[in-house]
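Biologist: I would like to learn how to read a model feature by feature. Can we start with the rings and work outwards?

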Amino acid sequence: MSGITIALAKGRLQDSSLALFQHSGISLPDGVLDSRRLLVEDNSNQYNFIFVKPGDVPTYVEYGVADAGICGRDVLMESAADVHEPLDLRFGYCRLVLAGRPESAERGYNPLVAARVATKYPRITADYFQRHGVPVELIVLSGSVELAAVLGLAHHIVDLVETGRTLRDNGLVVIDTIAESTARLIVNRASYHLKRMAVMGLIKLLRDGLQTAGQPEVIQSQASPASDRIQQ
């Protein structure tokens, strides 16, 4: 492959990411997204795109399979990947929160008893409770985290929310906001130096594309409407 290889997260950030590239003058051949191809070139043959699961984007970039990638800050925090993070793309805003039933929020923590917490983010969750001096028992789930609190599998959950509607519909409340997340451009450290001109050119194109779009909502509006549940 020639040029710059970019890893894009499939799912909730994909359409907004592609809309940003379109604003930036980087477009894909017609119909390519309707195929099952996971590796495609843009129309200028300067950029190669690979489409992977969101949690895999930092890994592909850190190990140099991709020179750059776009993923949420939440994914980047959980992976702790050793990459450059030169640009906040400002779309895909959501919050990583600690949530639970109202009575669990009022009860607080017993420092002698581990809090049982269900999450897709074990690294972030463990760090959060360690900083608060609270022992934690982690239950790692891949989906429907809210159900763990509703059915009593866990005292609390740590999950990504956009509007909070899913929490409210299931009788849960936000106890604390752990972090805010938006889409980030990340770059492999070696590529940042060995392909510096090409990488800096990509950063400039995307920065200009954000200015052309005006507001993050302009990019988001061209994507499929996001559901309240954030799928990773």
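## Reading the features

Modeller: Gladly. The model is a predicted one. The structure holds 2 aromatic pairs.

Biologist: How many degrees lie between the planes of Phe21 and Phe49?

Modeller: The general idea comes ahead of the case. A pair of aromatic rings is described by the distance of the centres and the angle of the planes. For Phe21 and Phe49 the planes stand at 85° and the centres are 5.0 Å apart, an edge-to-face pair. Phe21 belongs to helix α1 and Phe49 to strand β3, so the pair ties together parts that are 28 residues apart in sequence.

Biologist: Are Phe21 and Phe49 buried or exposed?

Modeller: Phe21 is buried, at a relative accessible area of 1%. Phe49 is buried too, because its relative accessibility is 1% and the cut-off for buried is under 20%.

Biologist: Which residues make the other pair?

Modeller: Tyr128 and Phe129. Their rings are also edge-to-face, with 5.3 Å between centres and 85° between planes. Tyr128 is buried at 6% relative accessibility, and Phe129 is buried at 0%.

Biologist: Now the core. Which residues of the largest nonpolar core touch the most other members?

Modeller: In soluble globular proteins, nonpolar side chains tend to be buried together. Here the largest nonpolar core has 27 residues. Those touching the most other members are Ile6, Leu8, Phe21, Phe49, Leu89, Leu185 and Leu202. At least two core residues come from each of β1 (4-9), α1 (14-23), β3 (47-52), β4 (68-72), β11 (183-187) and α9 (196-213). Helix α9 gives the most, with 5 residues.

Biologist: What does Leu8 touch, leaving out residues up to four places away in sequence?

Modeller: Leu8 touches Ser17, Leu18, Phe21, Phe49, Ile50, Phe51, Val52, Val57 and Ile70. Both members of the Phe21 and Phe49 ring pair are on that list.

Biologist: How many disulfides does the structure hold?

Modeller: A disulfide is a covalent bond between the sulfur atoms of two cysteines. The count here is 0. Cys71 is buried at a relative accessible area of 0%. Cys94 is buried at 0% as well.

Biologist: Where does Thr212 lie?

Modeller: In helix α9. Thr212 is exposed, because its relative accessible area is 55% and the cut-off for exposed is over 50%. Sequence separation and distance in space can be read side by side. Thr212 and His23 are 189 residues apart in sequence, yet their C-alpha atoms are 6.7 Å apart.

Biologist: Which residue has a positive phi of about 55° although it is not a glycine?

Modeller: Most residues other than glycine have a negative phi, and most peptide bonds are trans. Ala80 has a positive phi of about 55°. Ala80 sits in the loop between α3 (73-79) and β5 (84-88), and is partly exposed at 47%. Arg90 has a positive phi too, of about 70°. Its loop runs between β5 and β6 (94-100). Arg90 is partly exposed, with 39% relative accessibility.

Definitions and conventions. Residues numbered from 1 in each chain as written. Predicted model: local features only at pLDDT ≥ 70, side-chain atom pairs only at ≥ 80, totals over all residues. Heavy atoms only, no water. Core = buried A, V, L, I, M, F, W, Y, C linked by side-chain atoms within 4.5 Å. Buried < 20%, exposed > 50% of the residue type's maximum accessible area, 1.4 Å probe, protein only. Helix = DSSP H or I, 4+ residues; strand = E, 2+ residues; numbered from the N terminus. Contact = heavy atoms within 4.5 Å. Disulfide = S-S within 2.5 Å. Phe/Tyr/Trp six-rings, centres within 6.5 Å; stacked < 30°, edge-to-face > 60°.
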